[in-house]
Structure formats: C-alpha cells, structure tokens
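Dear colleague,

I am passing a structure on to you, with some notes on what turned up when I went through it. Please look it over before reading the notes below.

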Amino acid sequence: MYKRRYGLIRTLAPLHVGASAGEEAGNLNLIFRDAFSRTGIIPGSSIRGRFRAEMRRQDNSSCEDWYGSAAGSSEISEARVKFEYASLVWLPVFCPGQPVVWVSCPRLLRRYASIVDATLTRRIPTPYSCSPNLRGRQGDKGITLFFNLGFMEVTPVDGLAELIPATLEDEIPADRLVVVDDADIGLIHDMALYRQSRVKLADTEKKVDGGAFFNVEALPEGSVLVFPLAIKPEGAADWKPFGSTDSQELYFGGLESVGFGRCDVTLASPSTQEAG
C-alpha cells in the first residue's frame, strides 16, 4: 500500500499554470480549470516537474528513481512518487466593505477533507455560510455581502475555522471565511483572478516589439491549494525533497519573468494512513 502524504500550496505572487506565455503570438493565456467547479488547478504533471527540477539541481542521479524516466528516454521506469492535481481550498476575493474574504464551496472543501482528514467532512457547512464575526451589512436573516453576483446573504456558522489548514492559521483570517454554492464558485473565481495585459518592448526604444502583446490571467496572491501524493512504501521515509524541513518556496507555472509563480509549499501527512 502506498504511503499517503499531501502538499499545501500558498501563492506568494500571482500564479499562472495554463496556456503557454505566447508573447510572440498575442494569445490570451488562460489558467487550467477544474472541469466541474471551473476553478483553477495545477496539474499533477506540473507539480512533479517542479519537484523533479529541484532534485535535478541537488542530486541528478536520484531523479529517475523517484520520478521515473525522463521524456525521450529509451527506457521506461515507474515513478516512486505519484502526484495528483492541486485544487483550491480558499480563494481571496475582494468584496466591498471587507475588503477581502476567503471563499470556497462544498465541492472544494470535500476534496480538501478527503486528502487531509476525513473527519472534517462533518464540518463542511451548507452553501452561503460565513464566519461568525464576518463584517457586512446586517440583513433580516444574516449578513449581506456584495459580489458581482449581486447581493448575497450569508449565515454565520461555527466551526469554519477548522477548515483552515493548521499551518496557515496565521495567514487566513478566521473571521473572513465564506462558503458559496458549487454553482456560484466559478463566477466568483473569475471575478477574483489576477488579469493583466502585457507587452514586450523593443530592445532599443520604448515601443512594442512587433506583435509581442498578450493578456494573462493568474490565481491571486494568498490562494491556498491542496494536492495528494503517494509514495511507494519501500524507503518512503527517504523522500525528503526539502531536506530537513517540510516547507520551501518553489516557482510553479510560467511567466516568472513578469513576477509570477512564487509559492510556499508545505508537505504533511494525513491524519490517518492505511496499514502496510
């Protein structure tokens, strides 16, 4: 049986993982989205590639052992570490009057609970819930917030703070949590994305270099994502990608040249492990 672990990603800068930069083609560079919630993801292959690249810098001889044969290799070998995609847990969204709330939905929280601690499934609230101390306009039934959906009424519930990853309790305000319906998270997610139009200037003068114009979207700073990983049991304890610590800053995705991609990654073990 595989040893289960998981990783938490907190974006320290806008994060673009999706269509290639396309500076020369003038493309609109969209991020990858989950097929059901329409929220941003990081494919498992992108996470594995980042970890592989880090190991290549430190100990190239062990790369194939842990992450399998490289592309183009004449021999095929199975990786000892399996990565699944990273999905959002909490997404910071500007909300007039707050000014920022961290939003999630039951679907995203259920995946988080299934990876980290199955007992948290009991703590997932119904849609349109919020932290007890959330600031907002008091309505007849609860607190009213304003999103681009219009006015949204949310009801304070206890226990939402338990759905903040333990290592990020100082980063996500427990009094600014909002859980919306699965059907609404996609629209709110699109409202929260970091979007920019970028150009490449000519080397000798301040004008656009030919058609080097592109638009890009990215997950905003402060987003939290989770991904599961599995390690073959033989020598699983020897997999220490960050050395003696469990966290490290890594760059994901493209557009590092425009300041994107810096993330804090923390590895942990779920509350329960299968025997074996």
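Asp181 caps the N-terminal end of α4, where one of its side-chain oxygens lies 2.9 Å from the backbone nitrogen of Ala183. A polar contact here is a pair of N or O atoms within 3.5 Å; within protein, one must be able to donate a hydrogen and the other to accept it, and residues adjacent in sequence count only if both atoms are side-chain atoms. Please bear in mind that this is a predicted model, in which local features need pLDDT of at least 70 and side-chain atom pairs count only at pLDDT 80 or more, while totals for chains, interfaces and linings use all residues. Residues are numbered from 1 along each chain as its sequence is written, and side-chain values use heavy atoms, with hydrogens and water left out.

Helix α4 itself covers residues 182-192, and its buried residues are Asp184, Ile185, Gly186, Ile188, His189 and Ala192 (buried means under 20% relative accessible area, exposed over 50%, and partly exposed in between, with a 1.4 Å probe and protein chains only). Helices (H or I, at least four residues) and strands (E, at least two) are DSSP runs, numbered from the N terminus. Among the elements that cover these buried residues are β5, β6, α3 (106-116) and β12 (194-201).

Strand β5, at residues 86-94, is largely enclosed by the rest of the structure, because 8 of its 9 residues are buried. Two strands are said to pair if DSSP finds at least two bridges between them. β5 pairs with strand β3 (residues 41-42) in the antiparallel sense over 2 bridges, and there Ile42 stands opposite Ala86. With strand β14 (residues 224-231) β5 also runs antiparallel, joined by 3 bridges, and Ser87 has Val226 as its bridge partner in β14. A further 4 bridges join β5 to the antiparallel strand β6 (residues 100-104), with Val93 facing its partner Val101. The hairpin of β5 and β6 has 5 residues between the strands, and Gly97 in that hairpin takes a positive phi near 100°.

Leaving aside neighbours within four places in sequence, Trp239 is in contact (heavy atoms within 4.5 Å) with residues including Arg5, Phe51, Trp66, Phe83 and Leu267.

Ser131, in the loop between β7 (129-130) and β8 (137-138), counts as buried because its relative accessible area is 0%. With neighbours within four places in sequence again left out, the contacts of Ser131 include Pro156, Leu160, Asp175 and Arg176.

The structure holds 0 disulfides, a disulfide being a pair of cysteine sulfur atoms within 2.5 Å. The sulfur of Cys95 is 11 Å from the closest cysteine sulfur, in Cys130, and so is too far for a bond. Cys95 is buried, with a relative accessible area of 0%, and Cys63 counts as buried at 3% relative accessibility.

Finally, Gly210 in strand β13 (residues 208-218) counts as exposed, at 62% relative accessibility. The C-alpha atoms of Gly210 and Ile143 are separated by 51 Å, and the two residues are 67 residues apart along the chain.

With best regards
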